[in-house]
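Reader: I would like to learn how to read a structure one feature at a time. Please give me the general idea, then the case at hand.

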Amino acid sequence: MRAVIQRVDGASVAVAGVTDDPSGTGTVGEITGEGLCVLVGVTHGDTAEKAAQLARKVWTLRILEGEKSCSDANAPLLVISQFTLYGDARKGRRPTWNAAAPGEVAEPLVDEVVAQLRALGAQVETGRFGADMRVSLTNHGPFTVLIDV
């Protein structure tokens with residue numbers, strides 16, 4: 001599993017055509033204030049154990065203000081699936097997605113990362129798997145970390 005983690009001062013994800021959003025903006029997940037935006041990619045061979053390992057790492061990663069973790073600061077997380085983290089553009093000009101797990105494998109594992117974070121006590125918002133999403137965030141730093149488990 002791979003995660004791109006950004007320290008943010010607020011982040012949201014919207015999906016066009018969402019009708020269950022009372023604000024009418026299509027927002028499906030949003031965090032305010034200091035927290036993390038976590039893009040999660042799944043590759044072949046990833047497991048629920050790796051999802052739990054990634055969740056623990058993200059929850060305790062000390063990248064917030066004052067070298068605190070989300071667990072220390074009770075900071076929220078916005079977790080969004082992103083198969084393009086396993087894109088390969090080493091040859092030619094068009095990336096391949098061969099290393100990305102198919103949706104039927106990836107979706108339950110991204111859901112497991114979210115479930116594990118919530119079990120640890122995290123406030124977690126999410127995007128919609130497979131949707132055409134619009135992610136907005138204010139990167140604080142800028143501060144971005146890549147984690148592979």
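Reader: Which are the buried residues of H3?

Author: Keep in mind that this is a predicted model. The buried residues of H3 are Ala 106, Leu 109, Val 110, Val 113, Val 114 and Leu 117. Seen down the axis of H3, these fall within an arc of 145°, so they line one face of the helix.

Reader: Why do residues three or four places apart point the same way in an α-helix?

Author: An α-helix has 3.6 residues a turn, so residues at that spacing point the same way. In this structure, the buried residues of H3 pack against S2, H1, S3 and strand S4 (124-126). The face of H3 turned away from that buried side carries the exposed residues Glu 104 and Ala 119.

Reader: How many residues does H3 have, and how far does it reach?

Author: H3 has 17 residues and reaches 24 Å from its first C-alpha to its last, close to the 24 Å expected at 1.5 Å a residue. Helix H1 (residues 48-60) can be read the same way: with 13 residues, H1 reaches 19 Å, close to the expected 18 Å.

Reader: Which residues of H1 are buried, and what covers them?

Author: Ala 51, Ala 52, Leu 54, Ala 55, Val 58 and Trp 59 are the buried residues of H1. Viewed down the axis of H1, they fall within an arc of 160°, so they line one face of the helix. Their cover includes S1, strand S2 (27-41), helix H2 (70-73), S3, H3 and strand S5 (133-148).

Reader: At what angle do H1 and H3 pack?

Author: Two packed helices are described by the angle between their axes and the distance between the axes. For H1 and H3 the angle is about 45° and the axes are 8 Å apart. The two helices are therefore oblique to each other. H1 passes H3 in a right-handed crossing. On the H1 side, the contact is made by Ala 48, Ala 51, Ala 52, Leu 54, Ala 55 and Trp 59. On the H3 side, Leu 109, Glu 112, Val 113, Gln 116 and Leu 117 take part.

Reader: Is Ser 12 buried or exposed?

Author: The cut-off for buried is under 20% relative accessible area. Ser 12 has 17% relative accessibility, so it counts as buried. Ser 12 sits in strand S1 (residues 2-15). Leaving aside residues up to four places away in sequence, Ser 12 touches several others, including Thr 27, Leu 78 and Val 135.

Reader: How does Trp 97 count at 37% relative accessibility?

Author: Trp 97 counts as partly exposed, and lies in the loop between strand S3 (77-81) and helix H3 (103-119). Not counting residues up to four places away in sequence, Trp 97 touches Phe 83, Thr 84, Tyr 86 and Gly 87. The C-alpha atoms of Trp 97 and Arg 118, 21 residues apart along the chain, are separated by 30 Å.

Reader: What should I know about phi and peptide bonds?

Author: Most residues other than glycine have a negative phi, and most peptide bonds are trans. Glu 67, in the loop between H1 and H2, has a positive phi near 55°. Asn 74, in the loop between H2 and S3, has a positive phi of about 50°. Glu 67 is exposed, with a relative accessible area of 63%, and Asn 74 is exposed as well, at 56%. Just after H3, Gly 121 takes a positive phi of about 110°.

Reader: Where is the cis peptide bond?

Author: The bond from Gly 141 to Pro 142 is cis, with omega near 0°. Pro 142 lies in strand S5.

Terms used:
Residues are numbered from 1 along each chain as its sequence is written. This is a predicted model: local features need pLDDT of at least 70, side-chain atom pairs count only at pLDDT 80 or more; totals for chains, interfaces and linings use all residues. Side-chain values use heavy atoms; hydrogens and water are left out. Helices (H or I, at least four residues) and strands (E, at least two) are DSSP runs, numbered from the N terminus. Buried means under 20% relative accessible area, exposed over 50%, partly exposed in between (1.4 Å probe, protein chains only). Contact means heavy atoms within 4.5 Å. The expected span of a helix is 1.5 Å times one less than its number of residues. The arc is that of the directions from the helix axis to the C-beta atoms. Axes are lines fitted to C-alpha atoms, for helices over the stretch in contact, and angles run from 0 to 180 degrees between N-to-C directions. Angles under 35 degrees count as roughly parallel, over 145 as roughly antiparallel, 65 to 115 as roughly perpendicular and the rest as oblique. A crossing is left-handed if the near helix is turned anticlockwise from the far one by less than a right angle, and right-handed if clockwise.
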